[in-house]
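Please consider the structure shown below.

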Amino acid sequence: QDISLVDGTGTRKLQAGKVDAYRYMTFYLSPKPDHHDVFFNQVVDPIWLAQSNDPAAAALRQARQDAKRPAAWRILHRVTYVSRVLGPVAGQQAAPLDQALQTLDIQSNYELIKTLEPFVRDKAARYVDFSAAVRRAVVTYLPDLQPHIDQILAYLVLYYGVSDAPQLTPGGPS
């Protein structure tokens, strides 16, 4: 489904709960004969492979070598970050930070990240520098979010992977 809908006035509105950004990592696992077996026995639909006239199915039938079981690479994808469009603020049900973001017309955590990114992205090597940059950017450009600065900092530390942050070090705050 589309992340946005056109309302009665012709204005495009983001749908609450829809994913507006994600990040993933890809791992290439060394070639092994077992990966060939997994691909043909668990990943590819055997009925599609046997019966489809699709050129991809025909190519896979030609490439399949069950007797030889050639070593095959395995590609593994892991999603490491997901941002969703914030839902409507209904009374006191929404978190205070979510209410503050929507007041500023920031519709998701990712929009907050993109707003602050120019001021913090090159400071992620050291927590002290990163923390100062986040605080300075919020005070200067998003002063209405100052009451939530610790929560924003904690979120951005995780997003940017600031490795020496207390949140990410053993024994540090959780």
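Ser52 counts as buried, because its relative accessibility is 15% and the limit for a buried residue is under 20%. In this predicted model, Ser52 is placed in the loop between α2 (46–51) and α3 (55–63). Leaving out residues up to four places away in sequence, Ser52 touches Ile47, Ala57 and Arg61.

Leu97 belongs to helix α4. With neighbours within four places in sequence set aside, Leu97 is in contact with Leu145, His148, Gln151 and Ile152. Along the chain, Leu97 and Tyr160 are 63 residues apart, and their C-alpha atoms are separated by 19 Å.

Helix α4 (96–103) also takes part in covering the buried residues of helix α5. Helix α5 comprises the 12 residues 109–120, which should span 16 Å at 1.5 Å a residue. The C-alpha atoms at the ends of α5 are 15 Å apart, in agreement with that expectation. Which residues of α5 are buried? They are Leu112, Ile113, Leu116, Glu117 and Val120. Seen down the axis of α5, these buried residues fall within an arc of 145°, so they line one face of the helix.

Apart from residues up to four places away in sequence, Thr80 touches Arg23, Tyr24 and Met25. Thr80 and Tyr159 are 79 residues apart in sequence, yet 9.0 Å apart in space, C-alpha to C-alpha. Val79 is likewise located in strand β4; this residue is exposed, because its relative accessible area is 55% and the exposed class begins over 50%.

Val79 is one of the residues of a nonpolar surface patch, which it forms with Val19, Tyr22, Tyr24 and Val82. Together, the residues of the patch have about 500 Å² of accessible area. Both β3 (19–32) and β4 (72–84) supply at least two residues of the patch, and the largest share, 3 residues, comes from β3.

Charged side chains remain to be described. The count of salt bridges comes to 8. One of them joins Asp66 to Arg64, with the closest N and O atoms 3.0 Å apart. Asp66 is partly exposed, with a relative accessible area of 42%, and Arg64 is also partly exposed, at 30% relative accessibility. Another salt bridge links Lys123 with Asp122, where the closest N and O atoms are 3.3 Å apart. In this pair Lys123 is partly exposed, with a relative accessible area of 28%, whereas Asp122 counts as exposed at 58% relative accessibility.

The side chains of Arg126 and Asp129 also meet in a salt bridge, with an N to O distance of 3.2 Å. Arg126 is partly exposed, with a relative accessible area of 45%, and Asp129 is partly exposed as well, with a value of 31%. Finally, Asp34, Asp37 and Arg69 are linked in a network of salt bridges.

Methods. Residues are numbered from 1 along each chain as its sequence is written. This is a predicted model: local features need pLDDT of at least 70, side-chain atom pairs count only at pLDDT 80 or more; totals for chains, interfaces and linings use all residues. Side-chain values use heavy atoms; hydrogens and water are left out. Patches are made of residues with over 30% relative accessible area and no salt bridge: like charges are joined within 9 Å, nonpolar side chains (Val, Leu, Ile, Met, Phe, Trp, Tyr) within 5 Å. Accessible areas come from the Shrake-Rupley method with a 1.4 Å probe; for residues, only the protein chains shown count as cover. A salt bridge is a side-chain nitrogen of Lys or Arg within 4 Å of a carboxyl oxygen of Asp or Glu. Helices (H or I, at least four residues) and strands (E, at least two) are DSSP runs, numbered from the N terminus. Buried means under 20% relative accessible area, exposed over 50%, partly exposed in between (1.4 Å probe, protein chains only). The expected span of a helix is 1.5 Å times one less than its number of residues. The arc is that of the directions from the helix axis to the C-beta atoms. Contact means heavy atoms within 4.5 Å.
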